[in-house]
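My entries follow in the order in which I looked.

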Amino acid sequence: MMRKKGQAYTEFVVVLPGVLLLLLLAWEFAYFWWSRMVVSTATFEAARAVAAGEPTAVGYTLYEHIVAGGMGRMAREGRGGFFLSADPSLRSVRARARAPYRWPSGLAALMGGRVNLTLRASAFFRLERFWPGPPGGME
């Protein structure tokens, strides 16, 4: 008759690193997805505010506020990657965002080095004003 006194402990030690790695990977993916949605929402809301009649400075401030609230410390690294323009001749507003994503837990180091991703988003709106005719005519 064989003795199986330490079998459960041995299996636990063998399986634990894989389970922990899967949990860490799931957390990293969720945080990445959250950051992606924050940048996308901030870009959308900034462009929508300008299309509704606010000045572009308000759009930039709104973007910074939403990104800083959603991404915290990581948002400071992404400054300067947001572009917002209103073009009255085309009756439109365009916004583009590009923010660096840094892995918060260091999982990138386990995967062989610095894995840096870029979060990108864009938005396009028509100006929300009454235009009585086509651009360049009957105005």
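**Core and helix packing**

I began with the largest nonpolar core, which has 24 residues, and found that Val-39 and Tyr-63 touch the most other members; such a core is a set of buried Ala, Val, Leu, Ile, Met, Phe, Trp, Tyr and Cys residues joined through side-chain atoms within 4.5 Å, where buried means under 20% relative accessible area with a 1.4 Å probe, protein chains only. At least two residues of this core come from each of H1, H2, strand S1 (82-87), strand S2 (92-101) and strand S3 (117-126), and H1 gives the most, with eight. Helices (H or I, at least four residues) and strands (E, at least two) are DSSP runs, numbered from the N terminus.

I note that this is a predicted model, in which local features need pLDDT of at least 70 and side-chain atom pairs count only at pLDDT 80 or more, while totals for chains, interfaces and linings use all residues. Residues are numbered from 1 along each chain as its sequence is written, and side-chain values use heavy atoms, with hydrogens and water left out.

For Tyr-63 I listed the contacts (heavy atoms within 4.5 Å) beyond its neighbours within four places in sequence, and these are Val-39, Ala-42, Thr-43, Ala-46, Phe-82 and Ala-97.

I then turned to Thr-43, which lies in helix H1 (residues 7-51) and is buried, with a relative accessible area of 1%. Apart from neighbours within four places in sequence, Thr-43 is in contact with residues including Tyr-63, Phe-82, Ala-97 and Ser-122.

How do H1 and H2 pack? I read an angle of about 160 degrees between H1 and helix H2 (residues 56-71), with axes 8 Å apart; axes are lines fitted to C-alpha atoms over the stretch in contact, and angles run from 0 to 180 degrees between N-to-C directions. H1 is therefore roughly antiparallel to H2, a term used for angles over 145 degrees. Among the residues that make the contact are Val-39 and Thr-43 of H1 and Tyr-63 and Ile-66 of H2.

**Loop and overall layout**

I also looked up Arg-91, found in the loop between S1 and S2, which has a positive phi of about 55 degrees although it is not a glycine. Most residues other than glycine have a negative phi. Arg-91 is buried, with a relative accessible area of 12%.

Finally, I recorded three helices and three strands, following the pattern α-α-β-β-α-β along the sequence, and noted that 27% of the 139 residues count as buried.

Note on methods
Buried < 20%, exposed > 50% of the residue type's maximum accessible area, 1.4 Å probe, protein only. Parallel < 35°, antiparallel > 145°, perpendicular 65-115°, else oblique.
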